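My notes follow in the order in which I made them.

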Amino acid sequence: MVSKNIICPVCGASCDDIQVDYDGESINVKNACKMGNAKFHELVSHHRIKEPQIKDNGTFRKAQWNEALDRAAEILVNAKRPLLFMGSETSCEAMEVGLHIAEYLGAVVDSNATECHGPTAMGIQEAGRVGSTAGQPKQRGSLAIYWGTNPLESMPRHMSRYSVFPRGYWTKRGRFDRTIITVDPRRSITADASDLHVQLRPNTDYELLSALLTLLHGKKPHSSVEEITGVPISTMEEMLGMMKSTNFGAIYVGLGIASSYGKHRNAELAFNLVKELNNHTKFVIGALRGHCNVAGFNQIASYLYGYPFGIDFARFVMSADLVSHFPATCAEYLKKIPMACIDIAPCPTTLASDVVLSGVIDAMECDGTFYRLDDVPVYFQPFTKSPFEFTQSNEDTMKQLFERIKKLR
Ligand code: SF4
């Protein structure tokens, strides 16, 4: 059966035009990029986790759903300091239940922002943000700046859907009427596709942003900035000239800003630069969020508890493959402590867990909400149903787990 306008559950672009032909055994996907296509094929993958597993004496055995759920609840209830790590590849509805479990247990709760755009979120809190929906630069944008990101590989349809190729109000000829600047130490394929590549030295984003602000204030930065950043002042002036003279500019920041020296101070300065650019022309800034619903946790946690993310180790991991993302020493520690996870396929986190609960694939097998990269909530509907009788969604699993936790306490 062919289903149209399906939302892709992979990256923050949340493409909503995916066409899927799925007959229960084979799948044919249209409009998705390579990453999205691979994810949709997880539906028919041989390595899908179809049954829960429990680790006994270091070896996994198949388990009944209720037994596995009980064991997961025991791990959380018996922990001296339980920690829940809510991954980004599940719905806001499931995350909300996880946050309530953490509140009930007095646990620490966190999500992927900790290891990616957390500093960007902190920069927003420091400086405020001139933002927009992705539709505004799509319709009005004439200059796109990719700073510390390589979307042609990490978010392959961003340019075609939101920023560069669409025809807009001032850009009737699409790409021909738009300008791209890439700020990146690497000569990435996005840099190759740009009109100007500002190839700064690694970890000098703060200095470059400071110099741009100095120039914007009508002053000349100290000449040492050329040696520090590796960027000639004439190139900074050229970049700033392009920014001031455009009709509508958008900066898309990636992890190059959030994870280089300066971290949230880089983000803060970038937000301040954009605020001041609005004295000259319309300018907005946003983050390219890597996972489909990494923005969702920040939103839900902020409106429920006032903070976008926390930081700590985890004893319950959900749709995140935490062990692959954390530094090796943290991953080793996670392996030593009791841990349960929900996932759809084997990964380092399932191997390190004591209990593995079968995950349901959001946007394919259940409905729910993701927050797109521009913090717009997107409701997704499934084109097939959960393959399990014991759970209909990750939200359902979390609710069942919460009930058990309440009984145990
Ligand atoms: S760009 Fe992202 S959301 Fe769009 S199809 Fe590719 S992986 Fe999916």
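**Entry 1: the largest cavity.** I began with the lining of the largest cavity, whose residues divide into eight nonpolar, five polar and two charged. I worked on a predicted model throughout. The volume of this largest cavity came out at about 130 Å³. I counted 15 residues in the lining, and the closest to the centre of the cavity are Ser132, Ala134, Tyr252, Gly286 and Asp374.

The largest share comes from β12, which gives four residues.

**Entry 2: the other cavities.** I noted that the structure holds three cavities of 30 Å³ or more. I listed its lining as Cys8, Val10, Cys11, Ser14, Cys15, Ile18, Ala32, Cys33, Met35, Gly36 and Arg157. Sorted by class, this lining has eight nonpolar residues, two polar and one charged.

**Entry 3: α3 and α18.** I turned to helix α3 (residues 92–105) and helix α18 (residues 394–408), whose axes come within 8 Å and cross at roughly 15°. Why do I call the two helices roughly parallel? Angles under 35 degrees count as roughly parallel, and α3 and α18 are therefore roughly parallel to each other. I recorded their crossing as left-handed.

On the α3 side of the contact I found Glu93, Ala94, Val97, Gly98, His100, Ile101, Tyr104 and Leu105. They meet Asn394, Glu395, Met398, Lys399, Leu401, Phe402, Ile405 and Lys406 in α18. By class, I put nine residues of this contact down as nonpolar, three as polar and four as charged.

**Entry 4: α4 and α13.** Next I looked up helix α4 (residues 118–127) and helix α13 (residues 264–277), which pack at an angle of about 50° with their axes 7 Å apart. The two helices, α4 and α13, are therefore oblique to each other. I recorded that α4 passes α13 in a right-handed crossing.

Which residues of α4 meet α13? I wrote down Pro119, Thr120, Met122, Gly123, Ile124, Glu126 and Ala127. Their partners in α13 are His264, Arg265, Ala267, Glu268, Phe271, Asn272 and Lys275. I classed the residues of this contact as six nonpolar, four polar and four charged.

**Entry 5: α9 and α11.** My last pair was helix α9 (residues 205–216) and helix α11 (residues 233–245), with axes that come within 10 Å and cross at roughly 65°. I noted a right-handed crossing where α9 passes α11. From α9, the residues Leu208, Ala211, Leu212, Leu215 and Leu216 take part in the contact. I found that they meet Met236, Glu237, Met239, Leu240 and Lys244 in α11.

How many polar residues does the contact of α9 with α11 have? I found no polar residues there, with eight nonpolar and two charged ones making up the contact.

Note on methods:
Residues numbered from 1 in each chain as written. Predicted model: local features only at pLDDT ≥ 70, side-chain atom pairs only at ≥ 80, totals over all residues. Heavy atoms only, no water. Axes fitted to C-alpha atoms, helices over the stretch in contact; angles between N-to-C directions. Parallel < 35°, antiparallel > 145°, perpendicular 65-115°, else oblique. Left-handed = near helix turned anticlockwise from the far one by under 90°. Contact = heavy atoms within 4.5 Å. Nonpolar A, V, L, I, M, F, W, Y, C, P; charged D, E, K, R; others polar. 1 Å grid on protein atoms, 1.4 Å probe; cavity = no way out; pocket = protein on both sides within 12 Å on 5 of 7 lines; lining within 4 Å. Points joined across faces, edges and corners; volume = space filled by probe spheres on them.
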